[in-house]
Amino acid sequence: RFGIPDGTLYRREVASYVVDKFFGFSLVPPTVYKVIDNNEGSLQRFIPDACTGGGVPSNELQQLDEEFTKMLLLDMIIWNSDRHGNNFLVKDKRLIAIDHGFAFAGPRSNLRYVLAKDIWDCCVVEFDSNNEDEIVVPKDVAQKIIDMSSPSSSKLNSLRAVLGELIEEVAVDACINRIRFLAKALNDNNGVLPVDFKLIYNPII
């Protein structure tokens, strides 16, 4: 993928878990940095008895709309360039987001995300390219994003510091700007992402 330095995919796996945990999405299994026999990598908790998203009947996926909304927000924040039906799992009516080596991609990479209504129509740059309806974000999720981005909060600085230990500075800066941009949109629209909402790689607030 454009803008992803060689040898950093495992760091992006860890960074994606950090973001997921920071916002309380509870989608990404615990993922940690690990060195085994002098080889650096990431280690993620295995989820037994889970089905890949592409193998789940569409009527069952439709019941997970709130989970998909959270995964959409996660993918926007981490600029995930590799989300598709085989890069998330389903178990016990919950989504499990996996395979984030191509997250925090560069500005020339497309944002890829999935929605419950069509998990295979996912390669887009602008949020409204394949979306006909507004997205209503759960109130607690929207409020947390807004609160974390408040000028009076130091939370984003803490997140920046942790991500800065894992990925390159330009990717961290773009991520923080996307969070602020997303928070402003949610705040301005009462927790709703309207159909004309557009997200770019590094928005300026």
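Two strands are taken to pair if DSSP finds at least two bridges between them. In this predicted model, strand 1 (residues 31–36) and strand 2 (residues 39–44) are joined by six bridges and run antiparallel. The briefing then turns to Lys-70, which is placed in helix 3 (residues 65–78), and to the packing of helix 5 (residues 155–164) and helix 6 (residues 169–188).

**The strand pair**

- Strand 1 and strand 2 form a hairpin with two residues between them, and Asp-37, which lies in the turn, has a positive phi of about 50 degrees.
- Within this antiparallel pairing, Val-32 has Leu-43 in strand 2 as its bridge partner.

- The side chain of Lys-70 makes a polar contact, at 3.2 Å, with the side chain of Glu-67.
- When neighbours within four places in sequence are left aside, Lys-70 is in contact with Phe-25, Leu-27 and Val-141.

**Helix 5 against helix 6**

- In general, two packed helices are described by the angle between their axes and the distance between the axes.
- For helix 5 and helix 6 the angle is about 150 degrees and the axes are 10 Å apart; because angles over 145 degrees count as roughly antiparallel, the two helices are roughly antiparallel to each other.
- Helix 5 passes helix 6 in a right-handed crossing.
- On the helix 5 side, Leu-156, Leu-159, Arg-160, Leu-163 and Gly-164 meet residues of helix 6, namely Val-172, Asp-173, Cys-175, Ile-176, Ile-179 and Arg-180.

Note on methods
Residues are numbered from 1 along each chain as its sequence is written. This is a predicted model: local features need pLDDT of at least 70, side-chain atom pairs count only at pLDDT 80 or more; totals for chains, interfaces and linings use all residues. Side-chain values use heavy atoms; hydrogens and water are left out. Helices (H or I, at least four residues) and strands (E, at least two) are DSSP runs, numbered from the N terminus. A polar contact is a pair of N or O atoms within 3.5 Å; within protein, one must be able to donate a hydrogen and the other to accept it, and residues adjacent in sequence count only if both atoms are side-chain atoms. Contact means heavy atoms within 4.5 Å. Axes are lines fitted to C-alpha atoms, for helices over the stretch in contact, and angles run from 0 to 180 degrees between N-to-C directions. Angles under 35 degrees count as roughly parallel, over 145 as roughly antiparallel, 65 to 115 as roughly perpendicular and the rest as oblique. A crossing is left-handed if the near helix is turned anticlockwise from the far one by less than a right angle, and right-handed if clockwise.
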